[in-house]
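The exercises below are to be worked through with the sequence and the three-dimensional structure at hand.

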Amino acid sequence: MYRLTTRIDASFLATMLLEAAFWRGDGRPSVERMLEDRATARYVEGWGRPGDVALAALDGDDTPVGAAWYRHFRADDAGYGFVSEDIPELSIGVAREHRDRGVGSLLIGSLLQRARARDERAMSLSVDRANPARALYERFGFREQDGNPADTSVIMIIELTGRPL
């Protein structure tokens, strides 16, 4: 059994960002090395600014094993899954040994509920085409945006409020 908490620090988010970015496990740098890259660091840098929302999943021993979070980006500091300044970008990471146990579903479903309660009109994300998590996102209603079929990753978006994108 897993339960959720909103008590999360930026260092745990950075660890989960590493899980997300290096989901295959190969060529995995240290968290510190990963955060030297501004393109990646922007997802956790200065965590806790207005509009930042996160949930962590805890196992039966209250050990954090996964997190999902979203934040808004400016167009001049866009993330990989950027769509627009008024649509936040989702990030999610689950420790390898806790994958395929429903942790990702618990995190995404709960985070989407929070986003709807905060009247976010949509949410976006970026995912590698080969990442098995892509099927999870599709189950929740994320749909691929038109893009370059030669890219290794895609931007996916989910509409949350019924307002047109």
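A residue is called buried under 20% relative accessible area, exposed over 50%, and partly exposed in between (1.4 Å probe, protein chains only). The model is predicted: local features need pLDDT of at least 70, side-chain atom pairs count only at pLDDT 80 or more, and totals for chains, interfaces and linings use all residues. Residues are numbered from 1 along each chain as its sequence is written, and side-chain values use heavy atoms, with hydrogens and water left out.

**Exercise 1. Exposure in loops and in a helix**

Task: Classify Gly 60, Asp 100, Asp 119 and Ala 21 by their accessibility.

Solution. 

Step 1. Locate each residue. Helices (H or I, at least four residues) and strands (E, at least two) are DSSP runs, numbered from the N terminus. Gly 60 belongs to the loop between strand 2 (53-58) and strand 3 (64-71). Asp 100 sits in the loop between strand 4 (89-94) and helix 4 (103-117), while Asp 119 is in the loop between helix 4 and strand 5. Ala 21 is part of helix 1.

Step 2. Apply the cut-offs. Gly 60 counts as exposed because its relative accessibility is 66%. Asp 100 is also exposed, because its value is 83%. Asp 119 has a relative accessible area of 47% and is therefore partly exposed. Ala 21, with 42%, is likewise partly exposed.

**Exercise 2. Positive phi angles**

Solution. 

Step 1. Most residues other than glycine have a negative phi.

Step 2. Read the angles. Phi of Asp 100 is positive, near 60°. Asp 119, which is not a glycine, has a positive phi of about 60°.

Step 3. Strand 2 and strand 3 form a hairpin with five residues between the strands, where Asp 62 has a positive phi near 65°.

**Exercise 3. Strand pairing**

Task: Which strands pair with strand 3, and which with strand 7?

Solution. 

Step 1. State the criterion. Two strands pair if DSSP finds at least two bridges between them.

Step 2. Treat strand 3. Strand 2 pairs with strand 3 in the antiparallel sense over six bridges; Ala 57 has Gly 66 in strand 3 as its bridge partner. Strand 4 also pairs with strand 3 in the antiparallel sense, over six bridges, and here Ala 68 is partnered by Ile 92 of strand 4. Seven of the eight residues of strand 3 are buried, which leaves the strand mostly covered.

Step 3. Treat strand 7. Strand 5 (residues 122-128) and strand 7 (residues 153-159) run antiparallel and are joined by seven bridges. Ser 126 is bridged to Ile 155 in strand 7. Strand 6 (residues 143-144) pairs with strand 7 in the antiparallel sense over two bridges, where Arg 143 has Ile 157 of strand 7 as its bridge partner.

**Exercise 4. Surroundings of Pro 29**

Task: Where does Pro 29 lie, and which residues does Pro 29 contact beyond its neighbours within four places in sequence?

Solution. 

Step 1. Find the position. Pro 29 lies in the loop between helix 1 (10-21) and helix 2 (31-34).

Step 2. List the contacts. Contact means heavy atoms within 4.5 Å. With neighbours within four places in sequence set aside, Pro 29 touches Leu 18, Phe 22 and Met 34.

Step 3. Take a distance. Pro 29 and Val 83 are 54 residues apart along the chain, and their C-alpha atoms are separated by 28 Å.

**Exercise 5. The chain as a whole**

Task: How many helices and strands does the chain have, and why does its radius of gyration agree with that of a compact globule?

Solution. 

Step 1. Count the elements. The chain has five helices and seven strands, and their order from the N terminus is β-α-α-α-β-β-β-α-β-α-β-β.

Step 2. For 165 residues a compact globule would have a value near 15 Å, so the 15 Å of the chain agrees.

Step 3. Complete the picture. The C-alpha trace spans about 45 × 35 × 30 Å along its principal axes. Buried residues make up 47% of the 165 residues. Of the contacts between residues at least 6 apart in sequence, 65% join residues at least 24 apart.

Definitions and conventions:
Rg over C-alpha atoms; globule rule 2.2 N^0.38 Å.
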